[in-house]
Amino acid sequence: DKSSRDYGVYRAMDAMDQNNAQRMEQLSKKIDMNNHLLRTQIIAHAIETVRKDIRNEDTQDSFKYTTEDGTNTDSKILVVKILKAFQRGSAAFLPEGVKKFHTRLSTQVHTLTGTKPKILFESEKGRYAIYYSDEING
């Protein structure tokens, strides 16, 4: 009879939809894992690049800032600390002496990772923090 055949077709289509939804969920998880692996590789490569620059005393694209204890420091040392925080999946708090260099610091990290970080004021800590952004942008 026609109504039982229509119901059978409906059930088959519903099963296909559920199967497709499961496949999409699995694919989404696989993409998330691949993105995480790619992010990890990008950050590890960026850390190695900066460390190499520091060893070779290459100060191109860096700036000097004064730390809380009054030491004049190259920004590439801070960039390594920031990238290590990103590797751990967390943000890095920025020293007070870097406040006027936020744009330059953001550009340094962006150049190394291909991702423009977010710098936000954390009112609880009374300091600025820099966050990795998963948005790939040019």
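User: Which residues line the largest pocket, and which element gives the most to that lining?

Analyst: In this predicted model, the lining is made up of T49, V50, D53, Q60, D61, K76, R104, T107, Q108, T111 and L112. Two elements give two or more residues each, α1 (2-55) and α3 (102-113). With five residues, the one that gives the most is α3.

User: How do the residues of that lining divide into nonpolar, polar and charged, and how much space lies in the pocket?

Analyst: The lining splits into two nonpolar, five polar and four charged residues. As for the space in this largest pocket, it comes to about 170 Å³.

User: D53 and K76 both line the pocket. Are they buried or exposed, and what is the N to O distance of their salt bridge?

Analyst: D53 has 19% relative accessibility, so it falls under the 20% cut-off and counts as buried. K76 is buried too, at 5%. Their side chains pair up from distant parts of the chain, with D53 in helix α1 and K76 in helix α2 (residues 75-87), 23 residues apart. The N to O distance is 2.9 Å.

Notes: Residues are numbered from 1 along each chain as its sequence is written. This is a predicted model: local features need pLDDT of at least 70, side-chain atom pairs count only at pLDDT 80 or more; totals for chains, interfaces and linings use all residues. Side-chain values use heavy atoms; hydrogens and water are left out. On a 1 Å grid over the protein atoms alone, a cavity is a set of points where a 1.4 Å probe fits but cannot get out, and a pocket is an open set with protein on both sides within 12 Å along at least five of seven lines; lining residues have an atom within 4 Å of a point. Grid points are joined across faces, edges and corners, and a volume is the space filled by probe spheres set on the points. Helices (H or I, at least four residues) and strands (E, at least two) are DSSP runs, numbered from the N terminus. Ala, Val, Leu, Ile, Met, Phe, Trp, Tyr, Cys and Pro count as nonpolar, Asp, Glu, Lys and Arg as charged, and the others, Gly among them, as polar. A salt bridge is a side-chain nitrogen of Lys or Arg within 4 Å of a carboxyl oxygen of Asp or Glu. Buried means under 20% relative accessible area, exposed over 50%, partly exposed in between (1.4 Å probe, protein chains only).
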